Amino acid sequence: MNKSATHIVTEFVLLAFPGCSEIQIVLFSLFLVIYVLTLLGNGVIICAVRWDPQLHTPMYLLLGNFAFLEIWYVFSTVPNMLANILSKTKTISFSACFLQSYFFFSLGKTEYLFLAIMAYYGYLAICRPLHYPTVMTGTLCRKLVSCWLIGFLGYPIPILFISQLPFCGPNIIDHFLCDMDPLMALSCAPVPITEFIFYTQSSLVLFFTMYILHSYTLSLRAVFQVPSAAGRKKAFSTCDSHLAVVSLFYGTVMVMYVSPTYGIPTLMQKILTLVYSTMTPLFNPLIYSLRNKDMKLALRSILFRMRINENL
């Protein structure tokens with residue numbers, strides 16, 4: 001290639017969801033509501049775990065960490081998406097694009113590690129209830145630290161490699177975030193090694209999916225062996241809601257990054273990305289925490305104390 005004719009890309013254009021101004025306003029309002037509700041739902045969980053002494057247990061420490069993770073996960077994409085909808089140029093700088101990619105994939109990897117741990121502890125609570133308190137107390141902190149470290153140390157090298165590729169133009173990404181597939185497609189040089197490293201890491205989701213399915217299969221088998229109908233109903237209501245969220249997150253991630261995406265329309269890829277990056281963080285507080293009796297009591301106690309302090 002003639003070097004003098006090579007154009008160095010300094011910014012990218014995120015097309016996001018093109019349409020008339022009315023559609024843009026509707027999308028902006030919808031995503032803003034989802035973003036605010038996600039922050040409120042997960043923020044309430046963090047405050048409850050922080051302020052209520054009865055929730056200072058390993059299980060709620062896990063849920064508090066998970067809520068903290070969800071806040072940062074939506075923060076890595078939604079604010080920029082909202083700004084993009086209102087923007088006329090729809091540009092994002094080169095460095096900001098790769099910084100978003102790093103945090104988006106690192107937080108996503110941390111999330112499916114957290115979901116695997118939660119599936120494991122759900123299995124212990126139902127199938128090994130006598131071991132549950134000991135395991136939760138003894139190993140949870142180490143597992144939480146491992147999740148954060150593995151999540152954030154897995155992607156610096158692939159992201160760095162991709163950022164060093166030559167981007168000669170065009171610079172248009174038909175997505176609402178800086179995803180790796182469209183970024184690598186814009187490179188004017190072949191990237192087989194980088195693609196291999198990235199997709200190898202992404203394929204680890206298969207391992208965690210099989211592990212989680214195995215855990216929930218054992219849990220459901222134990223549920224059906226519960227002698228009382230009321231006990232079965234209570235345990236099954238917990239398992240099926242957890243399994244629904246896990247299936248939603250892992251299923252969409254597998255379609256996007258494990259199976260070939262060449263035959264999937266671009267709009268469908270955007271919708272799938274929206275499901276696991278914005279909808280699951282919205283649903284998770286409802287599924288994992290706010291339906292919990294102890295969490296409800298803690299929130300009522302906090303609200304009661306706040307009212308007393310206001311009246312003093």
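1. Helix α1 runs over residues 21-51. In this predicted model, α1 has 31 residues and reaches 44 Å from its first C-alpha to its last, which is close to the 45 Å expected at 1.5 Å a residue.

2. The chain as a whole has 12 helices and three strands. Of its 312 residues, 47% count as buried. Take the contacts between residues at least 6 apart in sequence: 80% of them join residues at least 24 apart.

3. Helix α2 covers residues 58-75. With 18 residues, α2 reaches 26 Å from its first C-alpha to its last, close to the 26 Å expected at 1.5 Å a residue. Among its buried residues are Tyr60, Leu62, Leu63, Phe66, Ala67, Glu70 and Tyr73.

4. What does Tyr73 touch, leaving aside residues up to four places away in sequence? Its contacts are Phe104, Leu107, Gly108, Glu111, Phe249, Tyr276, Ser277 and Pro281. Glu111 is 38 residues from Tyr73 along the chain, and the C-alpha atoms of the two are separated by 8.5 Å. Tyr73 has a relative accessibility of 2%, so it counts as buried; the cut-off for buried is under 20%.

5. Helix α4 spans residues 94-127. Its 34 residues reach 50 Å from the first C-alpha to the last, close to the 50 Å expected at 1.5 Å a residue. Helix α4 is mostly covered, as 25 of its 34 residues are buried.

6. There are two cavities of 30 Å³ or more. The second largest cavity has a volume of about 40 Å³. Which residues line the second largest cavity? They are Asn42, Ile45, Leu63, Phe66, Ala67, Glu70, Asn284, Pro285, Tyr288 and Ser289. Helices α1, α2 and α11 (266-290) each supply at least two residues of this lining. By class, the lining has six nonpolar, three polar and one charged residues.

7. How many aromatic pairs does a search of the whole structure find? The search finds 22. Phe12 and Phe167 are both buried.

8. Phe94 and Phe98 form a tilted pair, because their ring centres are 4.9 Å apart and their planes are at 50 degrees. Phe94 and Phe98 are four residues apart in helix α4, so about one helical turn separates them. An α-helix has 3.6 residues a turn, so residues three or four places apart point the same way. Phe94 is partly exposed, with a relative accessible area of 21%, whereas Phe98 counts as buried at 5% relative accessibility.

9. Ring pairs also build a cluster from Phe66, Phe68, Trp72, Phe75, Tyr102, Phe103, Phe114, Trp148 and Phe152.

10. Buried or exposed: which applies to Lys270? Lys270 is buried, with a relative accessible area of 5%. Lys270 is in helix α11. Not counting residues up to four places away in sequence, Lys270 touches Ala16, Phe17, Pro18, Asp174, His175 and Phe176.

11. Most residues other than glycine have a negative phi. Ala16, one of the residues that Lys270 touches, has a positive phi of about 55 degrees although it is not a glycine. Ala16 is in the loop between β1 and α1, and it counts as buried at 2% relative accessibility. Lys90 likewise has a positive phi of about 55 degrees without being a glycine. Lys90 lies in the loop between α3 (78-86) and β2 (91-93). With a relative accessible area of 17%, Lys90 is buried.

Note on methods: Residues are numbered from 1 along each chain as its sequence is written. This is a predicted model: local features need pLDDT of at least 70, side-chain atom pairs count only at pLDDT 80 or more; totals for chains, interfaces and linings use all residues. Side-chain values use heavy atoms; hydrogens and water are left out. Buried means under 20% relative accessible area, exposed over 50%, partly exposed in between (1.4 Å probe, protein chains only). Contact means heavy atoms within 4.5 Å. On a 1 Å grid over the protein atoms alone, a cavity is a set of points where a 1.4 Å probe fits but cannot get out, and a pocket is an open set with protein on both sides within 12 Å along at least five of seven lines; lining residues have an atom within 4 Å of a point. Grid points are joined across faces, edges and corners, and a volume is the space filled by probe spheres set on the points. Ala, Val, Leu, Ile, Met, Phe, Trp, Tyr, Cys and Pro count as nonpolar, Asp, Glu, Lys and Arg as charged, and the others, Gly among them, as polar. The expected span of a helix is 1.5 Å times one less than its number of residues. Rings of Phe, Tyr and Trp (its six-membered ring) pair if their centres lie within 6.5 Å; planes under 30 degrees apart count as stacked, over 60 as edge-to-face and the rest as tilted.
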